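Student: I am new to this structure and would like a close look at a single part of it, the aromatic rings. Please take me through that part slowly, and then show me what lies elsewhere.

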Amino acid sequence: MVSAEFADRPIKKLFLFDVDGTLSLARQSASPEMLSALRALRKKYIIGFLGGSDLRKILEQLGGESALQEFDYGFAENGLTAFKLGKELPAESFINYIGEDRYKNLGTFIEFRKGMVNVSPIGRNATIDERIAFEKLDLQNKYREDFIKVLQDKFADYGLTFAIGGQISFDVFPPGWDKTYALGRVAEEHFDEIHFFGDKTYKGGNDYEIFIDPRTIGHTVKNPEDTLRILKEEYL
């Protein structure tokens with residue numbers, strides 16, 4: 001039974017959205033049209049964002065701190081950082097899981113996040129043009145896939161999962177700390193359906209596990225415009 005907190009929604013279904021490539025272009029702001037469509041969707045359904053990036057980056061893309069009030073659920077770092085109706089839920093930590101010494105062994109070419117580490121072969125400070133250029137080369141030459149294979153061999157005893165996400169990086173996290181982690185955060189609500197929208201739904205992409213999870217109805221999108229199209233054609 002869905003809680004009284006969502007009594008004003010006529011349809012008790014949850015819509016979760018990846019951020020980069022789904023609600024906005026990577027590291028860019030969501031369009032006014034997208035934000036308007038999400039507000040309209042929220043009048044009928046329960047909605048949430050679910051990204052792999054840290055909360056600060058996601059909020060920058062979704063209009064700032066007010067996004068935590070515009071979405072019913074806010075999930076950053078695959079749900080390790082979580083908000084429900086603007087209130088923060090308990091968090092977990094990658095360092096607590098793996099241990100300080102092992103974390104240091106992973107190297108200095110990474111960005112530490114609460115629930116994972118993010119590895120970028122060209123660096124997190126790449127410009128938008130550099131990101132686009134790298135993504136095209138990566139699709140042709142599989143740089144990130146090859147990088148992951150090396151790390152899987154080197155850190156085989158760490159028990160970690162690797163997933164490509166965004167344009168220039170890949171994520172490293174404990175088993176089960178992919179985006180399906182967020183599903184445990186909403187389980188108590190017993191929503192009639194949980195829909196997930198994402199662009200990296202292929203095997204090895206960071207939307208794959210939640211996309212194929214039997215608890216969700218998955219939607220693969222090509223870009224934010226495709227997300228808008230589906231919402232307008234089927235749900236608004």
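**Aromatic pairs and their surroundings**

Tutor: The structure, which is a predicted model, holds 14 aromatic pairs. One of these pairs is made by Phe15 and Tyr45: the ring centres are 4.5 Å apart and the planes meet at 55°, so the pair is tilted. An angle over 60 degrees would have counted as edge-to-face, and one under 30 degrees as stacked. In the chain, the two partners belong to distant parts, 30 residues apart. Phe15 is in strand 1 (residues 13–17), whereas Tyr45 is in the loop between helix 1 (32–42) and strand 2 (46–50). Both Phe15 and Tyr45 are buried.

Phe15 also forms an aromatic pair with Tyr235. Here the distance is 5.0 Å centre to centre, with 80° between the planes, and the pair is edge-to-face. Again distant parts of the chain are linked: Tyr235 lies in the segment after helix 10 (224–234), 220 residues apart from Phe15 in strand 1. Tyr235 is buried, as is Phe15. These residues belong to a cluster, in which ring pairs link Phe15, Phe17, Tyr45, Phe197 and Tyr235.

The charged end of Lys154 sits over the ring of Phe155, at 5.7 Å from the ring centre.

Four strands form an open sheet in the order 6-7-9-8, with antiparallel pairing. Its edge strands are strand 6 (110–113) and strand 8 (161–165), each of which pairs on one side only. From one strand to the next, the twist averages 25°. Strand 7 (residues 116–119) and strand 9 (residues 169–173) run antiparallel and are joined by three bridges. In this part of the sheet, Val119 stands opposite Phe170 in strand 9.

Beyond strand 7 comes Ser120, in the loop between strand 7 and helix 6 (128–141). Ser120 has 7% relative accessibility and therefore counts as buried, the limit for that being under 20%. The side chain of Ser120 reaches the backbone oxygen of Ile168 at 3.2 Å.

How values were computed: Residues are numbered from 1 along each chain as its sequence is written. This is a predicted model: local features need pLDDT of at least 70, side-chain atom pairs count only at pLDDT 80 or more; totals for chains, interfaces and linings use all residues. Side-chain values use heavy atoms; hydrogens and water are left out. Two strands pair if DSSP finds at least two bridges between them. Helices (H or I, at least four residues) and strands (E, at least two) are DSSP runs, numbered from the N terminus. Axes are lines fitted to C-alpha atoms, for helices over the stretch in contact, and angles run from 0 to 180 degrees between N-to-C directions. Rings of Phe, Tyr and Trp (its six-membered ring) pair if their centres lie within 6.5 Å; planes under 30 degrees apart count as stacked, over 60 as edge-to-face and the rest as tilted. Buried means under 20% relative accessible area, exposed over 50%, partly exposed in between (1.4 Å probe, protein chains only). A charge sits over a ring if NZ of Lys or CZ of Arg is within 6 Å of the ring centre and within 35 degrees of the ring normal. A polar contact is a pair of N or O atoms within 3.5 Å; within protein, one must be able to donate a hydrogen and the other to accept it, and residues adjacent in sequence count only if both atoms are side-chain atoms.
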